[in-house]
Amino acid sequence: QVELVESGGGLVQAGGSLRLACVASTRTFSDNDMGWFRQAPGKEREFVAGISWGGERIYYGDSAKGRFTISRDDAKNTAYLQMESLKPEDTATYYCAATPTPGTQYLYWGRGTQVTVSS
C-alpha cells in the first residue's frame, strides 16, 4: 500500500503560478510511474501529466502542454507539478497517482489538492 499526499494548491489569479507536490510513503518510490490528474465539478477526471520511473519519459495532456512541468525527486519521494500561466479553466481538484508496475494503470491515488484560478 502506498499513501500519496498532495500539497501546494490554493487560490491564484489568472496568469499566476503554483507548484504542487506529492509525497509518497514507500521505500520504492523510484520504481513507480507517477502522474497528475485533475477533476473539475461536473466534469470527468482528466489526465494532466505523467513521468516514468527514472524520469526518462514524460507525458502531458493537451491542457498542460507548454504551461505545466512534471518532475520528480526520488531522494525526497516526491513528484511535482509546476503550473505556469494559470487560467480560470485550470480550476479543479488535482490528484497525484502512482503505479509500481510501469506502463500500467495507476494503482494508488492521493486525496487531492484544490486549485482555484480567479479571473
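**Before you start**

The model is predicted, so local features need pLDDT of at least 70 and side-chain atom pairs count only at pLDDT 80 or more, while totals for chains, interfaces and linings use all residues. Residues are numbered from 1 along each chain as its sequence is written, and side-chain values use heavy atoms, with hydrogens and water left out.

Strands here are DSSP runs (E, at least two residues), numbered from the N terminus. Two strands pair if DSSP finds at least two bridges between them.

**Stop 1: the four-strand sheet**

Select β1, β3, β8 and β7. They form an open sheet in the order β1-β3-β8-β7, with antiparallel pairing. β1 (4-7) and β7 (68-73) stand at the edges with a single partner strand each, so one side of each has no neighbour in the sheet. From one strand to the next, the twist averages 15°. The axes behind that angle are lines fitted to C-alpha atoms, and angles run from 0 to 180 degrees between N-to-C directions.

Now zoom in on β1 and β3 (residues 18-24). Four bridges link them in the antiparallel sense. Pick Glu6: opposite is Cys22 in β3.

**Stop 2: Thr78**

Move to β8 (residues 78-83), the strand that holds Thr78. Is Thr78 buried or exposed? Thr78 counts as buried, at 5% relative accessibility. The classes are buried under 20% relative accessible area, exposed over 50%, and partly exposed in between (1.4 Å probe, protein chains only).

Show the atoms around Thr78. A polar atom of the Thr78 side chain lies 2.7 Å from the backbone oxygen of Lys76. Then display the contacts (heavy atoms within 4.5 Å). Setting aside residues up to four places away in sequence, Thr78 touches Ala21, Cys22, Val23, Phe29, Arg72 and Asp73.

**Stop 3: β9**

Select β9 (residues 92-99). Seven of its eight residues are buried, so β9 is largely enclosed by the rest of the structure.

- β4 (residues 33-39) pairs with β9 in the antiparallel sense over seven bridges. Click Trp36: the bridge partner in β9 is Cys96.
- β10 (residues 108-109) runs antiparallel to β9, joined by two bridges. Ala98 has Tyr108 in β10 as bridge partner.
- β11 also runs antiparallel to β9, with three bridges between them. Ala92 stands opposite Val115 in β11, and Tyr94 stands opposite Thr113 in β11.

**Stop 4: β11**

Keep β11 (residues 113-118) on screen and show its side chains. In a regular strand, side chains alternate between the two faces of the sheet. Which residues of β11 make up the covered face? They are Thr113, Val115 and Val117. Gln114, Thr116 and Ser118 make up the uncovered face.

β2 and β11 run parallel, joined by four bridges. Find Gln13, which stands opposite Ser118 in β11.

**Stop 5: Gly112**

Step back into the loop between β10 and β11, where Gly112 is found. Gly112 counts as partly exposed, at 25% relative accessibility. Beyond its neighbours within four places in sequence, Gly112 is in contact with Glu6, Thr93, Tyr94 and Tyr95.

Finally, draw a line from Gly112 to Val48. How far apart are Gly112 and Val48 in space, C-alpha to C-alpha? They are 13 Å apart, and 64 residues apart in sequence.

Note on methods:
Polar contact = N/O pair within 3.5 Å; in protein donor to acceptor, adjacent residues only side chain to side chain.
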